[in-house]
Amino acid sequence: MTKTQCLIIGSGPAGYTSAIYLTRAGVNSILIEGLQKGGQLTQTTTIENYPGFPEGIDGYQLMENMRQQAANLGADLRAGLVTAIDASKRPFVATLDGGGQIEADTVIVATGATAKYLGLPDETKYAGQGVSACATCDGFFYRKKVVAVVGGGDTACEEADYLSHLASKVYMIVRKDYLRASEAMQKHVNERENIEILYNTNTVGLFGDNGVEGAHLVRFKGTDKEELFDISIDGFFLAIGHRPNTEFLNGQVMLDPQGYIVTDGRTTATSVEGIFAAGDVADPRYRQAIAAAAGGCRAAIDVKQFLA
């Protein structure tokens with residue numbers, strides 16, 4: 001069985017930053033990169049809000065830079081997927097998809113969260129060409145343009161409100177006849193003159209020759225009032241939630257009702273002594289690359305202090 005002082009589970013800004021800090025601190029660590037090296041950012045085009053890149057940087061390139069930086073410092077980066085972890089006692093034992101196991105004195109969970117999609121083929125077709133799951137990340141590209149936000153909860157209202165300050169018009173596509181968001185958030189979107197809420201409406205497809213140019217919608221789906229219609233849009237934003245990648249933990253670490261790892265607030269420590277969490281897997285609020293990188297830094301420092 002392979003042994004290490006710290007096992008980092010997941011790549012992305014949190015995982016790679018943890019590896020950079022731990023390697024420089026002389027802590028023996030292994031990083032298991034998961035199914036998608038670099039995480040969600042590798043599917044993002046130009047990132048303009050990550051400090052240090054005046055002209056912006058391609059998401060894939062940013063993550064490749066982080067990975068290479070960790071590798072250059074001597075970090076042990078390994079392909080693979082952690083399928084289970086025994087957190088009942090230290091050292092912890094992680095099982096990999098290939099059947100191997102790693103024994104670790106500490107663990108940093110940096111597996112991120114996956115945006116929920118509607119499951120339409122067009123979402124894949126137009127990925128990076130008008131389809132996004134992050135208004136904060138991509139809203140700037142839609143200044144003075146028309147966009148749509150799918151969802152009726154707090155997240156959707158927040159995204160729509162944010163985009164309303166950039167876009168000329170924002171449609172909210174809501175499948176129910178009401179918003180699930182808090183009264184405060186409903187008030188925000190209802191007060192925005194350039195936000196139009198389409199209730200009882202589902203998206204059935206997208207269209208466009210060189211990226212998203214519009215959406216095929218259906219109102220009152222499955223009823224005798226069913227109505228098909230199209231809207232012209234330049235961007236299509238999903239805001240129906242995220243799924244934190246915590247299934248492999250099997251409830252051994254305390255999670256919140258949405259499945260995000262609960263940390264103690266002041267540090268990245270979880271409910272299990274010796275296990276730490278960084279990035280989107282423990283952050284349902286911000287979900288930004290720079291916040292994830294900062295979390296990776298904090299987790300590495302917490303591990304170093306814990307081992308000491």
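Which residue in S13 does Ile-173 stand opposite? I opened my notebook with that one, and the residue is Leu-198. A reminder to myself before going on: this is a predicted model.

**Entry 1: the parallel sheet**

Strand S12 covers residues 169–173, and its parallel pairing with S13 runs over 4 bridges. I then looked up the sheet around them and found 5 strands in the order S10-S17-S11-S12-S13. This sheet is open, and its pairing is parallel. Next I checked the edges. Strand S10 (131–132) stands at one of them and strand S13 (195–198) at the other. Each has a single partner strand, so one side of each is left without a neighbour in the sheet. I jotted down the background too: strands of a sheet pair through backbone hydrogen bonds, either parallel or antiparallel.

**Entry 2: the antiparallel sheet**

What order do the strands take in the open sheet with antiparallel pairing? I read it as S14-S15-S16, with 3 strands. Strand S14 (201–207) and strand S16 (227–232) are the edge strands, each pairing on one side only. From one strand to the next, I noted a twist that averages 25 degrees.

Two of the facing residues went into my notes: Leu-206 stands opposite Ala-215 in S15, and Thr-201 stands opposite Arg-219 in S15. S14 and S15 form a hairpin, with 6 residues between them. In the turn I found Gly-208, with a positive phi of about 150 degrees.

- Asn-200 is not a glycine, yet its phi is positive, at about 55 degrees.
- Arg-287 is another residue other than glycine with a positive phi, near 50 degrees. I found Arg-287 in the loop between strand S19 (275–277) and H7.
- The peptide bond from Arg-90 to Pro-91 is cis, and I noted its omega near -5 degrees. Pro-91 belongs to the loop between strand S6 (82–86) and strand S7 (92–96).

**Entry 3: a helix pair**

How do helix H1 and helix H2 cross? I looked up H1 (residues 12–24) and H2 (residues 59–72), and their axes come within 9 Å and cross at roughly 20 degrees. That angle makes H1 roughly parallel to H2, since angles under 35 degrees count as such. The crossing in which H1 passes H2 is left-handed.

**Entry 4: the second largest pocket**

My last stop was the second largest pocket, with a volume of about 230 Å³. It is lined by 14 residues, and the closest to its centre are Gly-279, Ala-282, Asp-283, Gly-295 and Arg-298. Which helix gives the largest share of this lining? I traced that share, 4 residues, to helix H7 (residues 289–307). By type, I sorted the lining of the pocket into 6 nonpolar, 6 polar and 2 charged residues.

Technical notes. Residues are numbered from 1 along each chain as its sequence is written. This is a predicted model: local features need pLDDT of at least 70, side-chain atom pairs count only at pLDDT 80 or more; totals for chains, interfaces and linings use all residues. Side-chain values use heavy atoms; hydrogens and water are left out. On a 1 Å grid over the protein atoms alone, a cavity is a set of points where a 1.4 Å probe fits but cannot get out, and a pocket is an open set with protein on both sides within 12 Å along at least five of seven lines; lining residues have an atom within 4 Å of a point. Grid points are joined across faces, edges and corners, and a volume is the space filled by probe spheres set on the points. Ala, Val, Leu, Ile, Met, Phe, Trp, Tyr, Cys and Pro count as nonpolar, Asp, Glu, Lys and Arg as charged, and the others, Gly among them, as polar. Two strands pair if DSSP finds at least two bridges between them. Axes are lines fitted to C-alpha atoms, for helices over the stretch in contact, and angles run from 0 to 180 degrees between N-to-C directions. Angles under 35 degrees count as roughly parallel, over 145 as roughly antiparallel, 65 to 115 as roughly perpendicular and the rest as oblique. A crossing is left-handed if the near helix is turned anticlockwise from the far one by less than a right angle, and right-handed if clockwise.
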